[in-house]
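Student: I would like to learn how to read the features of a structure that is new to me. Could we go through it together, one topic at a time?

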Amino acid sequence: MAAAESDREVPSALCTEFLNFSVKDTASKWLQVTDLYKEVYHHLARYVPKIYCLGPNLNPQSEDLLAQMLLQAPLEWYLCGEDPSTGLAKLEQNNQPSQLCGHVFKVGEPTYSCRECAADPTCVLCMQCFLGSVHKEHRYRMTTSGGGGFCDCGDTEAWKKGPYCQKHEPNISDSCQEDPLAHLSTDMIARCYNVFSVVLKYAVDMLTWDKEDELPPGLEPPDRSDTYYCMLFNDEVHTYEQVIYTLQKAVNCTQKEAVSFATTVDRDGRKSVRFGDFAFCELAKSVIVRNTSRQSKPLRVQVMHSSVVAHQCFALKALHWLGHVIGYSDALRRILCQVGLERGPEGENSSLVDTLMLCDSKMWKGARNVYHQLFMSSLLMDLKYKKLFAIQFAKNYRRLQTDFMEDDHERVVSVTSLSVQLFTVPTMARMLITEENLMTTIIRTFVDHLRHRDLQGRFQFERYTAQQAFKFRRVQSLIGDLKYVLISRPTEWSDQLREKFLEGLDTFLELLKCMQGMDPVVRQVGQHIEMEPEWEAAFTLQMKLTHIISMIQEWCATDERVLIEAYKKCLTALTHCHSGFADGEQPITLSMCGHSVDTIRYCVSQEKVSIHLPVSRLLAGLHVLLSKMEVAYRFPEQLPLSELSPPMLIEHPLRCLVLCAQVHAGMWRRNGFSLVNQIYYYHNVKCRVEMFDKDLIMLQAGASMMDPNHFLMIVLSRFELYHIFSSAECRKRYNRENANKDVVQQNNTLTEEMLHLIMMVVGERFESGIGQVEGCDEIKREILHQLCIRPMAHSELVKALPENENKETGMERVIDCVASFKKPGVTGRGLYELRPECAKQFNLYFHHYSRADQSKAEEAQRKLKRQNGEDTALPPPVLPPFCPLFASLVNILQCDVLLGMLGAVLQWAVEPSAGHWSESMLQRVLHLIGMALLEEQQQLENSSEDNDVYFNFTLKMSRPGEAPSNTASVLALLENLQNAPHLEVHEDMIRWLLKTVAGIKTLRERSASTSTVTASGSRGQEETACDKDKAERKRKAEMARLRREKVMAQMSEMQRHFINENKELFQQSLEELDASTSTSLDHRYPASPDAALACVGPRRSRPREKRQVVTCILCQEEQEIRADGKAMVLAAFVQRSTVMSKNRTRPPHDPKRYDPLFMHPDLSFGTHTGSCGHIMHSHCWQRYFEAVQAKEQRRQQRLRVHTSYDVGNGEFLCPLCECLSNTVIPLLPRTMGSSSCEQPGLGQWLKTSGQQIKAMHSAHRKLQPVSTVEETVEEECPAPEVFTVDYIPTNPYSSTIKEMLTTFGSATYKVGLKVHPNEQDPRIPIMCWSSCAYTIQSIERLLVDEKKPLFGSLPCRQDDCLSSLARFGSACWTAACQPTVQGHFIRLLAALIPDPQVEASPCILDVDMLHLLVSVVLSYGSVHSQDSSGLSVDAVQLHLFHLITVAHMVQILLTSGPEEVTMEQESGEAERGEEEGACRLYNTLRTLVGSSLPEVGSGWHLWRCVKTGILPYLRGAALFFHHLHGVPAPPELHALCPGQWEVLCGYLSLPSNLLQLFHGQQELLEPLLHGWCTHPGIQQTLQGGGVLVSFPRESNSLIDLPDDYSALINQASSFTCPKSGGDKSRAPTLCLVCGSMLCSQSYCCQTELEGEDVGACTAHTFACGAGVGIFLRVRESQVLFLAGKTKGCFYAPPYLDDYGETDQGLRRGNPLHLCHERYRKIQKLWRQHSITEEIGHAQEANQTLVGIDWQHL
Ligand SMILES: [Zn+2]
Ligand SMILES: [Zn+2]
Ligand SMILES: [Zn+2]
Ligand SMILES: [Zn+2]
Ligand SMILES: [Zn+2]
Ligand SMILES: [Zn+2]
Ligand SMILES: [Zn+2]
């Protein structure tokens, strides 16, 4: 093909040029010339198009090499004036490395910020610097970088302390800042200057070049060819899919190529998609444009001449080169900075750096990235030029931002994103404010971009188009810049700074004025609104500005003069706003309780109202500062206090609060959700600081300057409740007129809300400046009230607290004062609990509670009080005193209007029949009275005697109401209510109030005169009598409560018991009924000491016969287990497994050909069977399964949703426990061994079996078709007469059992081999035996890992499962073709006893002995059925067992490995025999095998190898025979006591000196030994030709994880996608089984698996975990379980922060550490094969998990 040819031609064409080229000559020529530009441009014009862009397939390696030789080398030579290798080295010697680290972050790399020392959250460290810094001992935050940005190590302004890591710590000696150029010769400087100018100019020329077919002057190529590129550019409008689809059409490429093009375009910003002559490229362009222009603007495509592209490629290279060269020397770096910032010919802002910045939005992504990087490594690393650059940046700011608005690229690839590097440096920010007026510039630019205004000039976000919304999102980055500029507050103010800041503030107020009153709403009556108005934009703006507003206040708080000026400006702005508001408000006069006030007529429910009042709120904030900084007291003359009109100040905030109340009261239902959402955000933690909180403060400020009666009347009027409260007459009239329940209900709610508002105005004093509190008191109170609801985790508390601009809540400082921490267990998370002593600070009407919070907190606190045996009153807490500026607010509590209102509500409560009151109204009134009483009490207690306390609520409350109506006094009403039966709930509270009143009277009397001591004393006595009475009543109530609780407890206990009993009924396990095996049965079988228990062999113990009866969980009927009875089955789940694999590199078998008869000792693939232990009739199960199937079919047709189980694959959920199952195992009775008569010895048996096998061989041959039978058969072998080959035994099983035998057999076959079911396949029995052996092995491992005894510690379900597996195994031959099973037996046996008629027996190193034992024992049944000689099965089993044990010992010795260098152990006499025997056997092996076996002198070592190596096998064998025969295990094996070895051997009928097995029968076994050792496989394996497994096999563990999670993030950040050459992977995912890192959830790494595209994880599970996988998604900090292609779930990661919480999604960034218990729990799930089950449960619990395309992960 053309492409390939041209590729080959390239080097040869250049060859001559290249050979004739001399770097040195070229450089020397350059040194001579006067016009370097011309010369170098000429050179470039000649060579660049010859190196770059000669064909469609670029070959970067050869290009790079050529560019290095022909282009860069001469430049370097010129620069150094000598061979660059020496010249650059010299430069490097004098280099003063920058103190700044400047490491540029890759996507996904971890970054660290110190929460204690960082100047702001943008200050971050790279991992290296962090680990070498002091901050790793501090409270730090860890995040993953989104790319861009660099390490701030070494920047002294970024860190309050510890700015340097160990590596970047400056030497004290060179701390004096000398000029880096001092070390260079003037010649050198000049050359350097020249070459940098030329190269940078060239790069700028080319990158900003916008002609497609021409080159800048001086660069025109000597010869032009007709070669073009069709260049496709990136945009953020079109999706991947659109681009891929279009490309396939336009340039005829495959989908794979199109994906690759699209990926490159997305990454680099452009990619040539076609190469050829002009017409050819133009055609492709037109197709692309046509195809993409339909919905949106078309994709950007250019047809560019190859020489243009070539120069652009080299221009990028040149920038890289500059970055590389300045790395050698700080002097070079400085020269480059100089060159870059040098003013160009066009005057101001025309330097090369300016040119690049101003063309930023026109460049493609790749080019931008390269030059941004160069800026970062040059300008930003040189402190002097960083400042100069910052100034240029600020000068260009407006243009850059405007360009950015027009551009559609993300901000990270825009030069505007550099602002974070410049503006966050505090000195720089202040310099830019004062010198470049940056604050004003930013705000102006921002305001200019928000053009939509209404008639009053306010922003208007209604009917925002998508385009405008997009722009609005981009313009928000300006607020981010403003935040950077303001983030560090000045410690010193210059006049200039004051001036510029206030100028900025003016601009900011202009912005706020546009927001004041925006998006107003009008109550909808009659019809519901038709369209929900847009509200989010306004709130987004508010939210974004929240921190800015707070920061501006904090700036003001650092300078009195600034504060005073700011206050004035803000007040002017507010006055200005209000002048525009007066929409037809008429004056009216209100009067009540002898007071009257003038106000305007305004109804929130009828006129326009807006929730946006930023100007008022800023003023409120500044007002508090006047108090906090005491400016109000020290310079009152400078403040415009006389201009303040309190009614004007409170008007709009009050309207806003009334709006909220009316929404609560349901009056605004027809205004839809948009209003509900606005109210929600108004109170939400993200906004409330600069919305709700400030409105409340404004009310406080206004009220503190007003007559409280006037204030309350205005409040009543705005709440539209004035007519109800103004006089008793009005009230009565209102009652008569309003029978409408809705209106009554509304007014009740409004009254409640209004009372709450009054409480808040008087009671919220925790902001310093309002009340006399410290800054941390506010946050303490906030936390306390959260914890009064319930104990909370750290993250929940953080979410409930407002964050400042540094993302800090201040919680850590105070949390320990109010809460104690409770650590989490293996699940759940750590919780903070309220300290009990803090409960008394609880305020039920805390202003940040929602109604739901309030009722939860109330319930929790009452419960707590009951538990402590206290009364349940929840009185208000004692409050801190107000600051002087707000002190008059307390008078609200004792003013006439309030008393009138309180009296009114109490009056209604006394006469409840009127119905116009509610309990919560009363509760609030009681609370208010409580607040007033406490206020009085506080003042009395704190006052010195001569100081008269002006606050006298007790006096006022005992006065009756006004003259005409003569209502009772508040006190009288209270006393009246005390025993009202309908107010039982409030009884405790009223009692508390009256007690407090009494207490205050005492106080007053005591302070009034000391002579009244006796009086008060007598009163005291009265009180105690009263107290006594109360105490008595309380005691009685308490007793009644206790009694009630006891009865409740009894009842629930009974209930629990009942459930438990029934559960047991269901779970009654087979073993419990099967009297033979339960642990307790040892008592019933008093084994005489000499007749020890044995589970195998002729002497095996025979458990007494007992009927086995089980209950079907479906029909509840009992059923006896009998061979000829109805089949009972156990729900089971069969799965492939690699959990025990010792070799994960073994490729999966070909399921069609694979012969599973022998398991390799590496156990690479096994079949595991598990069960939940639930038993059913086979027919009940069948009916159930059919029903599930039918239901599933209907459901899929209807909903197309999947379930957590795949019915098509035979899966179902256990009907009782919902455990995932895919088959059932039939339960079978124990096999009854015949009682033993005289049994043959080993020799005799070997002979007999040899004869039998021969007989079977010849019988089987007869069955085969004649053609395949070999002609030269040996003579017919006469079978022993007691062995009838053609005897067909009667099948003992009932038809249903037979059916179930087939069911389980084929399920195991199907799953284990991953094949389609085939009931005839001869491998079915093999798979069943193999699964039995594998399951036993896995359970044996599990018991070792969990340090549990071999017997008695398994849950019944596993015991049941093993028993039924073993018994099934011994019966499954009856369901198969008998000669087939006999054939298996013959081949199995041939692995041990050489049989000339069996070909290709494996070598014993390739056989797992437990699998062999299980298979051979279970298959023997088919042979024995034809033996009538009286040979007992037990005897044969024992011979087989002994034989295999010997083989295993040989296997162990062969693989034992060299002797470890250990101290020769002193062995007791007891084991001498064993050691000697081991030595003898080993030496025999050495003579047979030869030099492949190392010499081992120590018998102790050998015996130890045998003993430890064989133990798992013996334990497995014990489990196997135990479950097969049901012989109870000796009690020693039920515990972990010493001496297990002997007991185990005894139980297995083995000598405890195992070597006797060999030496006792040496002459019989030696020939076998000879056969094993001369197998060719032995030599091959021992010499490293195969997988050599040594024994014991260690249990597999999940990989080791680092303690610190950031190590993982770091590892993942350097991981690149293996398929797309060096790209960062988006979702790096770690396999916890083998440690592979994968590129998950991405197009690039999808592969085809069984005809479907699957993601990297799914593909990996099939190789690594036989379909099951456990992964850690590193970026998400999340564990992923996968099973097959359709199942998966997420699982909590084993990493916790210090607060005992996981951080899924890494959102909080607290340091995470490995929790070993949790990791062990995951490992245990894996080891016990429960991953799939876990997924099933997770999916059942959370249906959304079912819908996820797990296979794409
Ligand atoms: Zn660093
Ligand atoms: Zn550092
Ligand atoms: Zn620190
Ligand atoms: Zn049943
Ligand atoms: Zn179950
Ligand atoms: Zn793996
Ligand atoms: Zn990939």
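Student: How many aromatic pairs does the structure hold?

Tutor: Before counting, please note that this is a predicted model, in which local features need pLDDT of at least 70 and side-chain atom pairs count only at pLDDT 80 or more, while totals for chains, interfaces and linings use all residues. Residues are numbered from 1 along each chain as its sequence is written, chains are lettered from A and ligands numbered from 1 in the order in which they are written, and side-chain values use heavy atoms, with hydrogens and water left out. Rings of Phe, Tyr and Trp (its six-membered ring) pair if their centres lie within 6.5 Å, and planes under 30 degrees apart count as stacked, over 60 as edge-to-face and the rest as tilted. The structure holds 42 aromatic pairs. One of them joins Trp 535 and Phe 539, which are edge-to-face at 5.8 Å centre to centre, with 75° between the planes.

Student: Are Trp 535 and Phe 539 buried or exposed?

Tutor: Buried means under 20% relative accessible area, exposed means over 50%, and partly exposed lies in between (1.4 Å probe, protein chains only). Both Trp 535 and Phe 539 are buried. A further edge-to-face pair is formed by Tyr 1184 and Phe 1212, at 6.3 Å centre to centre and with 80° between the planes.

Student: Which parts does the pair of Tyr 1184 and Phe 1212 tie together?

Tutor: Helices (H or I, at least four residues) and strands (E, at least two) are DSSP runs, numbered from the N terminus. Tyr 1184 lies in helix H44 (residues 1178-1199) and Phe 1212 in strand S14 (residues 1212-1213), so the pair ties together parts that are 28 residues apart in sequence. Tyr 1184 counts as partly exposed because its relative accessibility is 22%, whereas Phe 1212, at 0%, counts as buried.

Student: Which residues do ring pairs link into a cluster?

Tutor: The cluster consists of Tyr 371, Phe 375, Phe 389, Phe 393, Tyr 397 and Phe 423.

Student: Which ring does the charged end of Arg 274 sit over?

Tutor: A charge sits over a ring if NZ of Lys or CZ of Arg is within 6 Å of the ring centre and within 35 degrees of the ring normal. The charged end of Arg 274 is placed in this way over the ring of Phe 280, 3.9 Å from its centre, and that of Arg 474 sits over the ring of Phe 404, 4.1 Å from its centre.

Student: Which residues coordinate the zinc ion (ligand 2)?

Tutor: Donors are N, O and S atoms within 2.8 Å of the metal (3.2 Å for Na, K and Ca), and water is not among the atoms, so sites may look incomplete. Here Cys 129 (SG), Cys 153 (SG), Cys 165 (SG) and His 168 (ND1) coordinate the zinc ion (ligand 2) at 1.9 to 2.3 Å, and along the chain these donors follow the spacing C-x23-C-x11-C-x2-H. Cys 129 also bridges to the zinc ion (ligand 1), the two ions lying 4.2 Å apart. Cys 165 counts as buried because its relative accessibility is 3%, and His 168, at 10%, counts as buried too.

Student: Where is the cis peptide bond, and in which loop is Pro 1592 found?

Tutor: Most residues other than glycine have a negative phi, and most peptide bonds are trans. The bond from Phe 1591 to Pro 1592 is cis, with omega near -5°, and Pro 1592 is found in the loop between helix H57 (1576-1585) and helix H58 (1605-1613). Lys 1347 has a positive phi near 55°, and with 65% relative accessibility it counts as exposed.
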